[in-house]
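Subject: Structure handover

Hello,

I am passing a structure over to you. Please open it first, then read the notes below it.

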Amino acid sequence: MDIIRLKAPSPQEFDREFLKAGKPVLIESALENWPALNWNLDYLCEKCGGNEVFVRRGTTADDYKVGLKYTVQPTTVKNYIENVKNNTEWAQSSYLAVQNIKKALPQIEHEAPMPEYVQKLHAGPFLWVARKGHYEYCHFDPDDNFLIMIAGQKHVRLFCCELAPLYPHPKGSKGRTIQSQVNVNEPDLSKYPEFSRAVMYECIVNPGEMLFIPGFWWHQVTSVETAISINVFFGDSGSNTFLTKIMNSSQREAFYHWLLNIIEQNRELDSFRRVLAHLPDCLINFLMKQWHEEADEQQVKQLVKLVMEYCSIDTLPHEERRSRNPPLLKIRGLLWRA
């Protein structure tokens, strides 16, 4: 199915019809005066060539295509781009992904102002530079997301936030995203038969266009050409609007899975007992750090119940607080997977 295309909707229309509804849309002609649209490989080298960035390695392996395994290697912008332009063997298995522009590329940060559709920033903007043909594993992010195309084209396939047809990896898998076990290019239906009923939405994102990917929607991205793009993770304005939206919509199942995946990442650590002992405060603190959202009392009770049922416990352990702040519930494996 094709994704709806709109020419520069008003922020109010975007909020009403797409952001609040959790519905993808491809927006055209909204960034015509955006300075970052002038970026190309040579310009990035000229302005930021000596800057250190971190490149994913092993990106042609089967394990990468299902989000299981990769390493991260430091290099410079210039070295990465020269390898991409020369189509070296090193470039064929590398990907400059999710580079925080403010931190990694401060010389050009001012050229990528926040689009007016972004209400409350969660993280970003981030830079992505991909060789032609790069396949990025199918996954979902726990934020609303804009993919903004600067140069080249990307083919994007979206699937709604239902879990079963996309076969997420077992809980405890590393990182902030949830990865699908299915290689969307070559799905093994004998192993993943439910994928046959997955409804796919797709589009080509061209330079100057921005694709809204709702939080917790599965997406798989392939670079049709050597591609430069920016993305922004965000949510609804307000102190509790985003959390309320996802806990009262079709996104809830995927949100619960995401949260329990992080619980499982921490479950075997010695610190996890302290997390359980102070679980309500740990969850409040975690959601504030992730989304700047203030969970209300009822939401905290629901999430505490979810975690307790998952951990098969009837009561939380008792432990005196060691500091003013609750123990941290951390996301494990943000930089690499092995």
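Overall build first. The protein has 338 residues, and a compact globule of that length would have a radius of gyration near 20 Å. The value here is 20 Å, so the two agree. Please keep in mind that this is a predicted model. The C-alpha trace spans about 60 × 45 × 45 Å along its principal axes. There are 11 helices and 14 strands. Buried residues account for 54% of the 338. Take the contacts between residues at least 6 apart in sequence: 83% of them join residues at least 24 apart.

One such pairing in detail. A36 sits in the loop that runs from strand 2 (25-28) to helix 2 (41-48). A36 has a relative accessible area of 0%, under the 20% cut-off, so it counts as buried. E111 is 75 residues away from A36 in sequence, yet their C-alpha atoms are 5.2 Å apart. Beyond its neighbours within four places in sequence, A36 touches E111, A112, I150 and I230.

H134 is another loop residue to look at. Its loop connects strand 6 (120-130) with strand 7 (135-140). Is H134 buried or exposed? Its relative accessibility is 1%, so H134 is buried. With neighbours within four places in sequence set aside, the contacts of H134 are T59, Y64, Y95, V221, T222 and S223.

Now the backbone. Most residues other than glycine have a negative phi, and most peptide bonds are trans.

- The peptide bond from G124 to P125 is cis, with omega near 5°. P125 belongs to strand 6.
- A8 is not a glycine, yet its phi is positive, at about 40°. A8 lies in the loop between strand 1 (5-7) and helix 1 (11-19). With a relative accessible area of 37%, A8 is partly exposed.
- S312 also has a positive phi, near 55°, and is a residue other than glycine. S312 falls in the segment after helix 11 (297-310). S312 is exposed, with a relative accessible area of 64%.

Next, the cysteines. How many disulfides does a search of the whole structure find? The count is 0. For C45, the nearest cysteine sulfur is that of C48, 9.2 Å away. For C160, the nearest is that of C161, at 5.6 Å. C160 is partly exposed, at 33% relative accessible area.

Which classes line the second largest pocket? The lining has 5 nonpolar, 3 polar and 5 charged residues.

Then go to the cis bond from G124 to P125.

Best regards

Methods: Residues numbered from 1 in each chain as written. Predicted model: local features only at pLDDT ≥ 70, side-chain atom pairs only at ≥ 80, totals over all residues. Heavy atoms only, no water. Nonpolar A, V, L, I, M, F, W, Y, C, P; charged D, E, K, R; others polar. Disulfide = S-S within 2.5 Å. Buried < 20%, exposed > 50% of the residue type's maximum accessible area, 1.4 Å probe, protein only. Helix = DSSP H or I, 4+ residues; strand = E, 2+ residues; numbered from the N terminus. Contact = heavy atoms within 4.5 Å. Rg over C-alpha atoms; globule rule 2.2 N^0.38 Å.
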